[in-house]
Amino acid sequence: MYPKDPENYIDRLLVRANLPLVDAYLQAGLDALGDATRMVIFQKLANGPIAVNELARQLPVSRPAVSQHLKVLKVAGLVTDMKEGTRRLYQLDPEGVARLRAHFDRMWTKALGAFKDAAEKPTTGERHGKPGRTRTKCV
């Protein structure tokens with residue numbers, strides 16, 4: 001079926017073709033850490049495995065809420081769990097953390113490279129500021 005608006009259709013195809021592929025797990029991880037409570041839980045898990053009840057005692061949210069936040073982090077690939085006796089321990093998933101770290105490493109490498117290029121760019125003697133304004137001496 002031919003689209004009703006061929007120019008708009010072609011524009012959308014061009015945009016879609018030129019967008020970099022988005023890592024779904026990376027995006028899910030970033031989205032999950034956008035919530036302040038999940039970020040605190042993520043940071044607490046960086047100290048090692050911990051049970052839901054222990055986490056809930058350290059946070060101003062209920063145990064069921066902590067469980068829901070852990071589920072979101074788990075689905076995002078940032079947390080794993082294991083059964084230990086009658087309780088379940090949660091810990092950071094090294095693969096998910098590595099994915100986030102690689103993303104930020106690439107971002108910072110690119111940003112610092114651009115900053116270095118800009119800092120090393122030879123100046124042409126141009127003046128900075130608003131054009132057409134000159135300083136006058138007051139007598």
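Leaving aside its neighbours within four places in sequence, with which residues is Leu70 in contact? In this predicted model, Leu70 touches Ile41, Leu45, Val52, Leu55, Val79 and Tyr90, once the neighbours within four places in sequence are left aside. The rest of this report places those residues in the fold.

**Overall layout**

The protein has six helices and three strands. Along the sequence these elements follow the pattern α-α-α-β-α-α-β-β-α. Of the 139 residues in the protein, 21% are buried. Among contacts with a separation of 6 or more, 50% are between residues 24 or more positions apart.

**The sheet**

Strands of a sheet pair through backbone hydrogen bonds, either parallel or antiparallel. Here the three strands form an open sheet in the order 1-3-2, and the pairing is antiparallel. Strand 1 and strand 2 stand at the edges with a single partner strand each, so one side of each has no neighbour in the sheet. The table lists the two pairings.

| Strand pair | Direction | Bridges |
|---|---|---|
| Strand 1 and strand 3 (residues 87-92) | antiparallel | two |
| Strand 2 (residues 79-84) and strand 3 | antiparallel | six |

Tyr90, one of the contacts of Leu70, has a place in both pairings. Tyr90 in strand 3 is the bridge partner of Ile50, and Asp81 stands opposite Tyr90 as well. Helix 3 packs on this sheet and touches strand 1, strand 2 and strand 3. The direction of helix 3 makes about 90° with that of strand 3.

Strand 2 and strand 3 form a hairpin with two residues between them. Glu84 has Arg87 in strand 3 as its bridge partner. Gly85 lies in the turn and has a positive phi of about 65°.

**Helix 3 against helix 5**

Two packed helices are described by the angle between their axes and the distance between the axes. For helix 3 (residues 36-45) and helix 5 (residues 63-75), the axes come within 10 Å and cross at roughly 75°. Helix 3 is therefore roughly perpendicular to helix 5. On the helix 3 side, the residues that meet helix 5 are Thr37, Arg38, Ile41, Phe42 and Leu45. Helix 5 meets them with Val66, His69, Leu70, Val72 and Leu73. By class, this contact of helix 3 with helix 5 has seven nonpolar, two polar and one charged residues.

**The nonpolar core**

Which residues touch the most other members of the largest nonpolar core? They are Ile41, Leu45, Val66, Leu70 and Leu78, in a core of 20 residues. Helix 2 (24-32), helix 3, helix 4 (52-58), helix 5 and strand 3 each give two or more residues to this core.

**A loop residue**

Asn47 lies in the loop between helix 3 and strand 1 (50-51). Is Asn47 buried or exposed? Its relative accessibility is 72%, so Asn47 counts as exposed. In sequence Asn47 and Gln91 are 44 residues apart, while in space they are 8.8 Å apart, C-alpha to C-alpha.

Key: Residues are numbered from 1 along each chain as its sequence is written. This is a predicted model: local features need pLDDT of at least 70, side-chain atom pairs count only at pLDDT 80 or more; totals for chains, interfaces and linings use all residues. Side-chain values use heavy atoms; hydrogens and water are left out. Axes are lines fitted to C-alpha atoms, for helices over the stretch in contact, and angles run from 0 to 180 degrees between N-to-C directions. Helices (H or I, at least four residues) and strands (E, at least two) are DSSP runs, numbered from the N terminus. Angles under 35 degrees count as roughly parallel, over 145 as roughly antiparallel, 65 to 115 as roughly perpendicular and the rest as oblique. Contact means heavy atoms within 4.5 Å. Ala, Val, Leu, Ile, Met, Phe, Trp, Tyr, Cys and Pro count as nonpolar, Asp, Glu, Lys and Arg as charged, and the others, Gly among them, as polar. Buried means under 20% relative accessible area, exposed over 50%, partly exposed in between (1.4 Å probe, protein chains only). Two strands pair if DSSP finds at least two bridges between them. A nonpolar core is a set of buried Ala, Val, Leu, Ile, Met, Phe, Trp, Tyr and Cys residues joined through side-chain atoms within 4.5 Å.
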